[in-house]
Number of protein chains: 2
Amino acid sequence: MTSSAVSELARDLPTLADVEDAARRLDGVAVKTPLLEAPQLSAQLGGRLFIKAECLQRTGSFKFRGAYNCMSRLGAAARKGGVVAYSSGNHAQGVAAVAQMLGIRAVIVMPADAPAMKIRNTKSYGAEVVTYDRYGESREAIGERIVAERGAILVPPFDHPHIIAGQGTMGLEIAEQAAARGVRLDAVIGPCSGGGLIAGTALAITSRSPATKVYSAEPAGFDDLARSLKSGRREKNDPAARSICDALLAPMPGELTFALNSRLLSGGFAASDDEARQAMATAFTHFKIVVEPGGAVALAAVLTGKYAIAGKAVAVVCSGGNVDAETFCTALNSAR
Amino acid sequence: MTSSAVSELARDLPTLADVEDAARRLDGVAVKTPLLEAPQLSAQLGGRLFIKAECLQRTGSFKFRGAYNCMSRLGAAARKGGVVAYSSGNHAQGVAAVAQMLGIRAVIVMPADAPAMKIRNTKSYGAEVVTYDRYGESREAIGERIVAERGAILVPPFDHPHIIAGQGTMGLEIAEQAAARGVRLDAVIGPCSGGGLIAGTALAITSRSPATKVYSAEPAGFDDLARSLKSGRREKNDPAARSICDALLAPMPGELTFALNSRLLSGGFAASDDEARQAMATAFTHFKIVVEPGGAVALAAVLTGKYAIAGKAVAVVCSGGNVDAETFCTALNSAR
């Protein structure tokens with residue numbers, strides 16, 4: 001498979017069958033992360049709140065799923081030129097870790113202001129890291145240049161059927177774990193940047209549990225999907241917007257992901273930085289998990305009542321835990 | 001079953017069959033906590049390190065298992081007088097939560113210097129909390145007085161067959177989870193206070209995986225089991241000893257637990273406060289879980305090289321995550 005062959009695949013929207021195929025591929029490789037409940041918190045909220053603790057996934061975020069589902073399909077010839085990816089940090093770590101597992105060279109294009117621990121972790125998997133200015137340069141252009149120069153294959157962060165299907169395996173697990181407990185979920189809410197995770201999750205959930213609604217959660221100022229769902233076309237974020245949710249700063253919805261999300265989602269929520277920090281503190285106190293700011297926005301949507309949980313059963317995705325101690329403790333302290 | 005009937009049971013040592021019976025009772029009630037691996041950390045250590053993330057258990061520690069296995073067996077007559085337990089905080093929460101589930105009144109005797117969040121959590125399950133001076137009063141005496149006054153049943157923290165068997169279900173899960181991955185564990189290391197968790201775990205592991213050695217880990221100054229294993233008799237800790245590991249301050253090994261541990265364990269390790277804090281920080285960085293000081297001592301034993309992991313596969317138990325933000329952030333900061 002060559003770089004252009006990967007691009008051709010991107011024309012096709014993934015289906016539930018692709019998600020199920022990805023689940024077979026990831027079986028025994030990815031962590032089946034637990035669906036946690038804190039009965040005390042559920043009682044406080046007047047509904048049942050479940051957390052899909054995807055921060056416990058390999059590399060500390062769901063991104064491992066899509067990267068492995070995509071890259072493990074590359075043939076020997078395609079692997080020779082290596083892979084390139086652009087990422088704010090979690091896709092970077094996912095691609096770098098999978099590249100190391102499969103013995104593929106990886107170049108990762110990361111914003112210079114990405115959290116130091118995400119850059120450090122990515123390098124620790126043996127990847128070459130190239131940094132750029134998040135607000136002044138185009139990561140896509142830098143990625144494409146490396147593809148051209150080195151004959152490398154681009155592993156896109158979200159807008160690719162294998163990436164979407166890989167992330168969707170998390171949604172399959174939610175459906176299976178809820179069913180195993182006899183719980184009928186009213187809603188699943190997941191963080192959204194380019195929309196790969198929530199699109200794959202919506203594919204799985206709306207097929208396996210048709211009565212369950214699926215919602216996205218984004219940082220305030222980066223709620224391009226929520227606005228796009230309302231307007232019916234892909235809206236962009238204000239380039240001047242800023243957020244502590246470093247994992248969720250994509251400028252607009254993906255093409256494939258929006259084609260799915262516009263059909264499958266029931267709406268979207270947005271969380272402020274303070275609301276994300278409060279959700280991180282709640283995850284610490286009630287669930288004993290480490291959640292990064294961007295990983296906490298879906299939980300924030302419930303805790304702030306933007307999604308009204310009373311009398312309902314809801315699963316929220318905590319999508320990543322790659323946060324440094326300083327940011328984490330600031331969140332815990334600000335929530336006291 | 002009356003209070004004295006419970007005491008009579010205590011004469012019998014539990015067996016693997018009791019642990020398996022407890023596992024059936026806990027199925028669908030307790031969380032099957034994940035066995036996590038951080039491949040990067042394993043590579044750094046030159047061996048395979050797995051963490052049994054028992055901080056993700058209901059009530060934030062393994063104590064839920066034993067409490068449920070014990071209390072769910074009480075008949076209607078026995079439940080009427082309520083239950084009483086003495087605990088530094090995790091058994092307190094376990095008993096209080098189970099009492100709430102089963103509709104039983106609970107009085108919990110807790111040291112006045114227990115972490116505020118543990119006292120708060122225990123009360124939040126509807127239990128009545130009675131505090132005492134950890135270093136000046138006998139919690140056993142206070143507990144027995146309440147038993148006598150109220151006709152309540154004492155749920156002991158560790159020295160009871162149903163408690164030990166309940167905690168042992170965690171060991172069964174480790175054996176099953178390792179086997180499912182094709183991993184032959186060289187060792188399992190678990191935190192130890194009175195010894196119920198490690199005794200139950202040793203019952204499960206030495207039966208299901210006979211080649212695997214089982215070790216205890218304790219706070220420095222509270223390594224009564226390690227010293228008892230060497231001397232062959234139950235040694236006491238120096239009453240002047242202090243540790244941040246508030247969950248692991250039992251004065252000496254239990255009678256039943258030592259009868260099992262002296263036969264089944266291969267030795268014990270001790271970790272200083274600083275080593276426990278460093279392990280908490282490693283759990284944060286590599287595993288994205290919140291571990292309290294006492295929950296981190298087994299991980300500390302591996303990270304400090306007290307157990308030499310090179311070339312081996314080891315599962316360490318992170319037994320609880322009930323820690324306040326201040327203590328947690330102090331640990332993260334001191335480890336930078």
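Which residues in α9(A) meet which residues in α10(A)? In this predicted model, the α9(A) side comprises A:Ile163, A:Ile164, A:Ala165, A:Gln167, A:Gly168, A:Met170, A:Gly171, A:Leu172, A:Ile174 and A:Ala175. The α10(A) side comprises A:Gly196, A:Leu197, A:Ala199, A:Gly200, A:Thr201, A:Leu203, A:Ala204, A:Ile205 and A:Arg208. By class, this contact of α9(A) with α10(A) has 12 nonpolar, six polar and one charged residues. Helix α9 spans residues 161-180 of chain A, and helix α10 spans residues 196-208 of chain A. Their axes lie 7 Å apart, and the packing angle is about 45 degrees. The two helices, α9(A) and α10(A), are therefore oblique to each other. The crossing in which α9(A) passes α10(A) is right-handed.

A helix pair was also examined in chain B. Helix α4 (residues 63-71) of chain B and helix α9 (residues 161-180) of chain B cross at roughly 135 degrees. Their axes come within 7 Å. An angle over 145 degrees would count as roughly antiparallel, and one of 65 to 115 degrees as roughly perpendicular. α4(B) and α9(B) are therefore oblique to each other. Their crossing is right-handed. From α4(B), the contact takes B:Arg65, B:Gly66, B:Tyr68, B:Asn69 and B:Cys70. From α9(B), it takes B:His162, B:Ile163, B:Ala165, B:Gly166, B:Gln167, B:Thr169 and B:Met170. The contact of α4(B) with α9(B) divides into five nonpolar, six polar and one charged residues.

The sheet of chain B was considered next. Six strands form an open sheet in the order β1-β2-β10-β7-β8-β9 (chain B). The pairing is mixed. β1 (35-37) and β9 (267-271) of chain B stand at the edges. Each of these two has a single partner strand, so one side of each is left without a neighbour in the sheet. From one strand to the next, the twist averages 25 degrees.

Within this sheet, strand β7 (residues 187-191) of chain B pairs with strand β10 (residues 313-318) of chain B. The sense is parallel, and the pairing runs over three bridges. In this pairing, B:Val188 stands opposite B:Ala315 in β10(B). β7(B) also pairs with strand β8 (residues 213-219) of chain B. That pairing is likewise parallel, over five bridges. Here B:Val188 stands opposite B:Val214 in β8(B).

How many of the five residues of β7(B) are buried? Five of the five are, so β7(B) is largely enclosed by the rest of the structure. In a regular strand the side chains alternate between the two faces of the sheet. In β7(B), B:Ala187, B:Ile189 and B:Pro191 point one way. B:Val188 and B:Gly190 point the other way. All of these residues are buried.

The two chains also touch. The contact takes 18 residues from chain A and 18 residues from chain B. On the side of chain A that touches chain B, the largest share comes from helix α15 (residues 325-334) of chain A, with four residues. That side of chain A divides into 11 nonpolar, five polar and two charged residues.

Two loop residues of chain A have positive phi values. Phi of A:Thr59 is near 70 degrees, a positive value in a residue other than glycine. A:Thr59 lies in the loop between β2 (48-53) and α4 (63-71) of chain A. A:Thr59 has 29 other C-beta atoms within 10 Å and is buried. Phi of A:Lys288 is near 60 degrees, again positive in a residue other than glycine. A:Lys288 is found in the loop between α13 (273-287) and α14 (297-303) of chain A. Is A:Lys288 buried or exposed? It counts as buried, with 27 C-beta neighbours inside 10 Å.

A:Ser262 lies in helix α12 (residues 255-264) of chain A. A:Ser262 has 18 other C-beta atoms within 10 Å and is partly exposed. Leaving aside neighbours within four places in sequence, A:Ser262 is in contact with A:Leu229 and A:Gly232. A:Ser262 and A:Arg233 are 29 residues apart in sequence and 8.6 Å apart in space, C-alpha to C-alpha. In chain B, B:Glu144 is found in helix α8 (residues 139-150). B:Glu144 counts as partly exposed, with 15 C-beta neighbours inside 10 Å. B:Glu144 and B:Phe158 are 14 residues apart in sequence and 16 Å apart in space, C-alpha to C-alpha.

How values were computed
Residues numbered from 1 in each chain as written. Chains lettered and ligands numbered in written order. Predicted model: local features only at pLDDT ≥ 70, side-chain atom pairs only at ≥ 80, totals over all residues. Contact = placed C-beta atoms within 7 Å. Nonpolar A, V, L, I, M, F, W, Y, C, P; charged D, E, K, R; others polar. Pairing = 2+ DSSP bridges. Axes fitted to C-alpha atoms, helices over the stretch in contact; angles between N-to-C directions. Parallel < 35°, antiparallel > 145°, perpendicular 65-115°, else oblique. Left-handed = near helix turned anticlockwise from the far one by under 90°. Buried ≥ 20, exposed ≤ 12 C-beta atoms within 10 Å, placed from the backbone.
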